Amino acid sequence: MKEFWFCLNTKVYFGCSSLDKYIDDIGTLGKRILIVSGRHSVKVSGLLDRIEKRLKDKSLKYFEFCEVEENPTFQTLEQGSEVAKRNSCDCVLGIGGGSAMDAAKGIAILVTNPGPAKEFAGEDKFSNPPLPVVAIPTTAGTGSEINRYSVVVDKEENTKKTMASLSIMPRFSICDPELTLTLPPKLTASTGMDALSHAIEGYLSKKANPISDVLDLEAIRLGASNLKRAFENGKDIEARANMLLSSLMAGMALNHTGTILAHGMGYALTLDYGLQHGHASGFLLPYLLEHIYHRDKERIDKIGEALGGYPSWEVLKQLAKDMDMPIRLRDIGIKESELDRLSQRMLENSSRSLKNIDFTFTEDDFKQVASLAF
């Protein structure tokens with residue numbers, strides 16, 4: 001029997017109207033709250049005003065840091081931590097997609113640990129306990145509301161790095177499907193593919209265990225049967241709830257499995273070609289599955305079973321096409337002459353995920369996946 005550890009540090013409030021029922025619990029963690037979000041959606045939707053009114057009604061002080069870009073940088077985290085320190089914040093509230101929640105975790109580290117932030121990339125690289133974090137996701141895909149990672153762009157090295165620790169997992173998360181109803185179709189598709197990628201890559205990781213397997217296979221099943229529905233009808237609350245649950249379950253497993261190669265390979269598509277993170281993660285996944293099928297037939301067939309069809313990579317490509325997502329590198333403007341450089345960038349960005357596979361994957365393998373995807 002395989003030995004493993006399993007830990008969940010986050011209390012999850014899941015369900016419609018859970019925001020109204022449980023937001024007041026933040027007062028048990030702090031009295032001076034730094035609100036971390038992106039620059040637009042939480043303001044335009046009225047969600048920020050709604051939350052701030054509740055905090056004010058409970059006599060809680062709040063301070064805004066609504067400057068998180070898509071794919072936040074170490075510099076952004078440092079700016080947010082300065083706002084928190086200047087206002088003596090004792091809790092961080094991340095509202096939005098994965099970028100906002102990841103930034104909230106990183107800021108929580110920097111408030112109590114002198115930077116620079118880049119020094120904390122890796123596993124438990126900081127000494128002092130971070131501020132408590134609360135997460136409120138408005139997308140269904142990243143799993144940041146339940147995982148131990150803060151993924152940040154290193155602009156100097158043009159790559160993504162990860163700060164990882166159980167101590168930055170949110171103390172509690174409010175997962176209210178109603179908050180995802182305004183998510184546009186394009187973001188519904190890309191974040192949903194991110195959730196599927198987490199689950200599929202986690203299931204294929206050498207760190208997978210019996211509990212993560214159950215979570216990942218159910219996350220795949222929920223995603224495969226609900227993502228297209230949510231894309232076609234954003235007001236389908238059942239599909240929205242199931243996608244949020246898929247993201248949550250995949251995120252739970254991700255704490256233990258990590259991702260394999262598709263995520264690291266996708267970083268190059270995001271950083272060099274501007275592809276949204278979730279789309280980038282899912283873009284190369286079908287071609288990776290096709291390429292490694294002979295190395296892990298049994299588990300990849302299990303993935304096909306959960307997706308509802310075989311071969312699994314064709315099911316994923318059809319799902320992407322059904323949501324108007326390009327599935328070929330040439331369709332996003334990449335030239336054949338760029339494939340060698342792209343393959344090298346994939347390799348450069350996959351050092352962390354290469355540790356999660358139990359087979360050899362060479363530079364030539366990266367080139368073959370890129371060629372399949374072209």
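Start by selecting Ser 88, in the loop between α4 (74–86) and β4 (91–96); helices (H or I, at least four residues) and strands (E, at least two) are DSSP runs, numbered from the N terminus. Ser 88 is not a glycine, yet its phi is positive, about 50°. You are looking at a predicted model, in which local features need pLDDT of at least 70, side-chain atom pairs count only at pLDDT 80 or more, and totals for chains, interfaces and linings use all residues. Residues are numbered from 1 along each chain as its sequence is written, and side-chain values use heavy atoms, with hydrogens and water left out.

Next, pick Asn 158, in the loop between β7 (149–154) and β8 (159–164). Asn 158 also has a positive phi, near 50°, in a residue other than glycine. Is Asn 158 buried or partly exposed? With a relative accessible area of 31%, Asn 158 is partly exposed; buried means under 20% relative accessible area, exposed over 50%, and partly exposed in between (1.4 Å probe, protein chains only).

Now for two cis peptide bonds. Select Gly 115 and Pro 116: the bond from one to the other is cis, with omega near 5°. Pro 116 sits in the loop between α5 (98–112) and β5 (122–123). Then jump to Tyr 310 and Pro 311, whose joining bond is cis with omega near -15°. Pro 311 belongs to the loop between α12 and α13.

From there, walk into helix α13 (residues 312–322), and colour its buried residues: Ser 312, Trp 313, Leu 316, Lys 317, Leu 319 and Ala 320. Look down the axis of α13: these residues fall within an arc of 160°, so they line one face of the helix. The arc is that of the directions from the helix axis to the C-beta atoms. Their cover includes α6, α7 (210–232), α11 (285–292) and α12 (297–307), where contact means heavy atoms within 4.5 Å. Just after α13, Asp 324 takes a positive phi of about 60°.

Keep Asp 324 selected, as it is among the residues lining the second largest pocket. On a 1 Å grid over the protein atoms alone, a pocket is an open set of points where a 1.4 Å probe fits, with protein on both sides within 12 Å along at least five of seven lines; lining residues have an atom within 4 Å of a point. About 200 Å³ of space lies in this pocket, a volume being the space filled by probe spheres set on the points. Which helix gives the largest share of the lining? Helix α6 (residues 185–204) does, with 4 residues.

Go on to Phe 361, one of the residues with the most contacts inside the largest nonpolar core, which has 64 residues. Such a core is a set of buried Ala, Val, Leu, Ile, Met, Phe, Trp, Tyr and Cys residues joined through side-chain atoms within 4.5 Å. Helix α8 (residues 237–257) gives the most to this core, with 8 residues. Apart from it lies another core, of 26 residues, among them Leu 34 and Cys 89.

Finish at Val 134, in strand β6 (residues 133–137). Val 134 counts as buried, at 1% relative accessibility. Not counting residues up to four places away in sequence, Val 134 touches Ile 26, Leu 29, Cys 91, Val 92, Leu 93, Gly 94 and Phe 172.
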